[in-house]
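Have the structure open as you go.

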Amino acid sequence: MNQKRFLYLDLMGIIGAAVMALLCGFIIILFVSEQPIEAISAFILGPFSNAFNVSTLINKAIPLIFTGLALAVVFQTNVFSMGAEGQLYVGGFIGALSAVYIPGLSPWVHIPVILVSAMIGGALFGAIPGVLKARWNANEVVTTLMLNYVAIILTSYFVNNVFKDPESGGYARMPYFDKDLLLHKISNSFPVHYGIFIAVAAVIVVYLLLYKTKLGYELRLVGKNDKFALYGGIKTKRIIVYSVMISGALAGLAGIVELLGIHGTYKDNFSADLGFDGIIIALLARNNPLGVLLSALFYAYLQVGGQVMQAESDVSRELSVIIQVLLVLFVSAQAVFNYLKQRAMLKQQKRNREKKVNANVV
C-alpha cells in the first residue's frame, strides 16, 4: 500500500510540475503578446491541428525515446551519466560507416547490421567512463561531459575530411545512404518514419530487461544500495560498466535511427542536443521505460507547440524553451517529493502503531 501511495504522489508531482510550467509560460505570453489568446491556442492545439503536425511531433519524439531510455537505464544504477550526446554521435557515425561502406548486402540484412553497428559503437564509447567509474571511481559527470566533446569534435573532423562526400561542396556530410536502407515514411499523408516501431520495441525490451531479468534486478539493486548489493554477491563494478554500455548502445541507436529516418546521411552536428534532452525525459519519467515514451511525446509536443505558435502569432518559439527549463526545475525538485513521501510514510507508521496498540488492548 505504501508503494502505491508513493507512486501516486510521484505521478501527481510530475503532472503538477508540467501544469505549473505551462501556466508560467502562459503568464509570460500575457505580458509579451498582443494576441495572447491566439498564441496560447496555437501552442496548445497546434500540434494536433493536422496530420503533418502530429507526424512532426512523433518524429521529434523518436530520438528522445531512445536517449530517454539510455539515461533511464544508467540512472537506475545511480550513475549520473551525461554522455548520451557523445555516444549518440559515435553510434550514428559507426552506423553510417556501415551503411556507406559495406556493399552487396540485402536491405533485410544490411539494416540490422547498421543498427547493431551503431549500438556497438555507442556501447564501446560508453564503456570508457564506465570503466573509469568502476575501477578508479572517476566522477562520471566530469568524464562523460568531457567525452562528449571528444566524440563531437572527432566525428566532425572525420566527416569534414576523411569521409566527406566529394560532391557535397562546402557541406560537411558523408555520401547519401542507399534509398533501400532508409526508414521511409509510413505514408505521404502521415509522414512518420518507421523508426517509431523500433522506438516502441526498445521501450518494451528495456522494460523487460529492467523488471523481468536478473541483470535488471542487479542494476536496480546497485542503484538503491551498492554496499548491500556487494554484500549479496553482486559484482557492483561490473554492473556499473554494463549499465553505461547499455546506455551507450541505446544512445547510439538514437543516432542512427535519426540519420536513417530524417537526414539520409551522416552530417556534421546533426543532433540538436538530443542526448541532453534525454536527461530531462528520464527525470520526467522517473527512469521508468513506459514513462519515457509518454515523456518524450510530451516534450516533443512542447517543441512543436512552440513552432506552431511562432508561425501563427507574435510569440517566438523560444517560449517553449522557457517552459522546458521550468519543467526541469519543477520536476527535479526532489526535496518536495521526498518530503511528501516521508510525510506519508510517517503517517502510515503512526497508523500501524495505533493498530498494534488497539490490538493489544483488545
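How far apart do the end C-alpha atoms of residues 239-263 lie? They are 35 Å apart, and the span is 100% helix and 0% strand. Helices here are DSSP runs of H or I with at least four residues, strands are runs of E with at least two, and both are numbered from the N terminus.

Before going further, some ground rules. This is a predicted model, so local features need pLDDT of at least 70 and side-chain atom pairs count only at pLDDT 80 or more, while totals for chains, interfaces and linings use all residues. Residues are numbered from 1 along each chain as its sequence is written, and side-chain values use heavy atoms, with hydrogens and water left out.

**Record and helices**

UniProt, in an unreviewed entry, lists "transmembrane region" at several spans, among them 111-132 and 239-263. UniProt positions follow the numbering used here, feature names are shortened, and annotations may be inferred rather than shown by experiment. In the model, residues 111-132 are also 100% helix and 0% strand, with end C-alpha atoms 33 Å apart.

**The second largest pocket**

This pocket holds about 810 Å³ of space. A pocket is found on a 1 Å grid over the protein atoms alone: it is an open set of points where a 1.4 Å probe fits, with protein on both sides within 12 Å along at least five of seven lines, and lining residues have an atom within 4 Å of a point. Grid points are joined across faces, edges and corners, and the volume is the space filled by probe spheres set on the points.

There are 36 lining residues, and the closest to the pocket centre are Lys60, Glu258, Ala272, Gln303 and Gln307. H3 (51-76), H10 (236-263), H11 (274-284), H12 and H13 (318-331) each supply at least two lining residues, and H3 has the largest share, with seven. By type, the lining splits into 17 nonpolar, 12 polar and seven charged residues. Here Ala, Val, Leu, Ile, Met, Phe, Trp, Tyr, Cys and Pro count as nonpolar, Asp, Glu, Lys and Arg as charged, and the others, Gly among them, as polar.

**The core**

The largest nonpolar core has 91 residues, and Ile256 is one of those that touch the most other members. Such a core is a set of buried Ala, Val, Leu, Ile, Met, Phe, Trp, Tyr and Cys residues joined through side-chain atoms within 4.5 Å. H3 gives the most to this core, 14 residues.

**A few residues up close**

Buried means under 20% relative accessible area, exposed over 50%, and partly exposed in between (1.4 Å probe, protein chains only). Contact means heavy atoms within 4.5 Å.

| Residue | Relative accessibility | Class |
|---|---|---|
| Tyr299 | 2% | buried |
| Asn148 | 3% | buried |
| Leu290 | 45% | partly exposed |
| Asn78 | 56% | exposed |

Tyr299 sits in H12 (residues 289-312). Leaving aside neighbours within four places in sequence, Tyr299 contacts Leu64, Asp277, Ile280, Ile281 and Gln324.

Asn148 belongs to H6 (residues 140-160). Not counting residues up to four places away in sequence, Asn148 touches Met82, Gly83, Ala84, Glu85, Gly86 and Phe276.

Finally, look at the loops. Asn78, between H3 and H4 (84-101), has a positive phi of about 65 degrees although it isn't a glycine. Asn269, between H10 and H11, has a positive phi of about 55 degrees, and it isn't a glycine either.
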